[in-house]
Amino acid sequence: MLKIGSVRWRGKCPRHPSFDPYADGRGAIKGACAKCTALADIHETHQRMVGLMRTFAPPQPARKKPVPVLDRQENLFSDE
Ligand SMILES: [Zn+2]
């Protein structure tokens with residue numbers, strides 16, 4: 001069995017802080033910057049990992065909780 005906890009991670013290139021591998025892609029890497037290249041590698045590896053996980057076990061559709069039916073209407077015809 002493999003367990004992977006949720007991971008929150010942030011990385012930013014100190015020379016190109018606005019570079020976003022998700023939005024910009026590798027084509028936006030300036031001067032073969034090693035940090036930006038590493039961010040693009042991390043992004044692609046993460047995308048691949050998520051794809052592998054979804055292939056292994058597709059996400060289950062969210063279960064809808066049954067909405068409790070409340071009988072809140074007052075009974076106007078009884079003394080109880
Ligand atoms: Zn950079």
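Tutor: Gladly! Ala32 is exposed, with a relative accessibility of 67% (exposed means over 50% relative accessible area, buried under 20%, partly exposed in between, using a 1.4 Å probe and protein chains only). This is a predicted model, where local features need pLDDT of at least 70 and side-chain atom pairs count only at pLDDT 80 or more, while totals for chains, interfaces and linings use all residues. Residues are numbered from 1 along each chain as its sequence is written, and side-chain values use heavy atoms, leaving out hydrogens and water.

Student: Where does Ala32 lie?

Tutor: Ala32 sits in the loop between helix H1 (21-24) and helix H2 (34-56). Helices are DSSP runs of H or I with at least four residues, numbered from the N terminus. Ala32 has a positive phi, near 50°, and is not a glycine.

Student: Which residues are the protein donors of the zinc ion?

Tutor: Donors are N, O and S atoms within 2.8 Å of the metal (3.2 Å for Na, K and Ca); water is not among the atoms, so sites may look incomplete. Here they are Cys13 (SG), His16 (ND1), Cys33 (SG) and Cys36 (SG), 2.1 to 2.3 Å from the zinc ion. Cys13 and His16 are both buried.

Student: How many salt bridges are there?

Tutor: A salt bridge puts a side-chain nitrogen of Lys or Arg within 4 Å of a carboxyl oxygen of Asp or Glu. By this rule there are two. Asp41 pairs with Arg26 at 2.3 Å between the closest N and O atoms, and Arg26 also meets Glu44 at 2.7 Å, N to O.

Definitions and conventions:
Helix = DSSP H or I, 4+ residues; strand = E, 2+ residues; numbered from the N terminus.
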